[in-house]
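Open the structure in your viewer and keep the selection tool at hand. The tour goes from one selection to the next.

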Amino acid sequence: MVSLSTCQTSEPVNMSEFTENPIWEDNFDLEGLPHSSRWTYQVGGSGWGNNELQYYTDADLDNVRVQSGLLSIEARKEALLGKNYTSTRLVTLGKFDFLYGRVIVRAKLPTGRGTWPAIWMLSSENKYDPSHIPNNGEIDIMEHVGYDPGQVHSVIHRYNSNMGLVPYPESITAVSDFNTAFHEYRMDWTPKYIKTFLDGKETLSFTNSGKGWQDWPFDQKMYLLMNIAVGGSWGGLKGVDDQVFPAKMEVDYVRIYAYKQQ
């Protein structure tokens with residue numbers, strides 16, 4: 001297990017396989033709601049396949065806002081449309097997707113039992129299994145569950161893992177100041193591998209086996225998601241502490257770099 005704290009700085013980023021400048025970025029320099037040309041919202045209280053307890057709202061300043069150069073995604077204890085919590089699921093779907101690249105998100109995470117923040121990616125094409133989106137590939141760059149504070153997860157989902165045929169590629173990294181300091185969460189994606197990094201240190205590596213889409217569906221465009229779920233099949237395993245709300249994830253910047261075709 002890798003242990004990181006705020007006293008460490010990012011290692012120099014090797015850009016040899018990726019463009020030097022981002023092809024898409026948000027430095028959150030627009031006050032109010034996030035820029036509508038870059039982001040949209042996935043809305044509702046369906047449980048999102050994980051028995052989650054929140055209702056994701058649509059462009060509600062109580063749940064998402066940009067102020068003083070930071071994006072805040074905030075989960076709140078409040079009733080809405082049959083749910084007792086609200087939050088935001090902010091996505092680039094319909095605004096920007098890409099095939100291969102590097103993603104860097106600098107963020108500070110919420111604390112508290114029942115919180116489940118994530119920075120992750122899904123396929124925007126779903127060309128292999130439209131009936132079950134994660135079978136088309138899901139890359140969890142960062143996940144954290146509040147009942148296990150300071151243990152930051154990176155996980156890769158595809159058919160073979162989702163069906164229990166092979167283990168999920170996963171890393172768990174100890175980050176003592178996850179909720180008091182900003183850290184860089186990064187993902188590198190090429191036709192040959194997917195790797196995740198925390199403050200420039202590699203945490204997970206998954207190689208394309210060449211054994212078909214069931215093991216490597218990651219040859220189709222994907223989009224970025226950022227959210228805080230409440231409770232759910234993982235985040236709610238030890239219940240929800242209502243005293244921790246409002247709980248927020250703060251994001252300093254998001255940068256996406258293009259893969260240089262070899």
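**Start inside**

Select isoleucine 119: beyond residues up to four places away in sequence, it touches Val105, Ala107, Ile139, Asp140, Ile141, Met142, Tyr185, Leu224, Leu225, Met226 and Met249, where contact means heavy atoms within 4.5 Å. This is a predicted model, in which local features need pLDDT of at least 70 and side-chain atom pairs pLDDT 80 or more, while totals for chains, interfaces and linings use all residues. Residues are numbered from 1 along each chain as its sequence is written, and side-chain values use heavy atoms, with hydrogens and water left out.

Strands are DSSP runs of E, at least two residues, and helices runs of H or I, at least four, numbered from the N terminus.

**A loop residue**

Go to asparagine 135, in the loop between β10 (115-123) and β11 (138-143). Is asparagine 135 buried or exposed? Its relative accessible area is 2%, so it is buried. Leaving aside neighbours within four places in sequence, its contacts are Asp129, Arg158, Tyr159, Asn162, Met163, Trp213 and Pro217.

**Another loop**

Finish at valine 166, in the loop between α1 (159-162) and β13 (170-175).

Methods
Buried means under 20% relative accessible area, exposed over 50%, partly exposed in between (1.4 Å probe, protein chains only).
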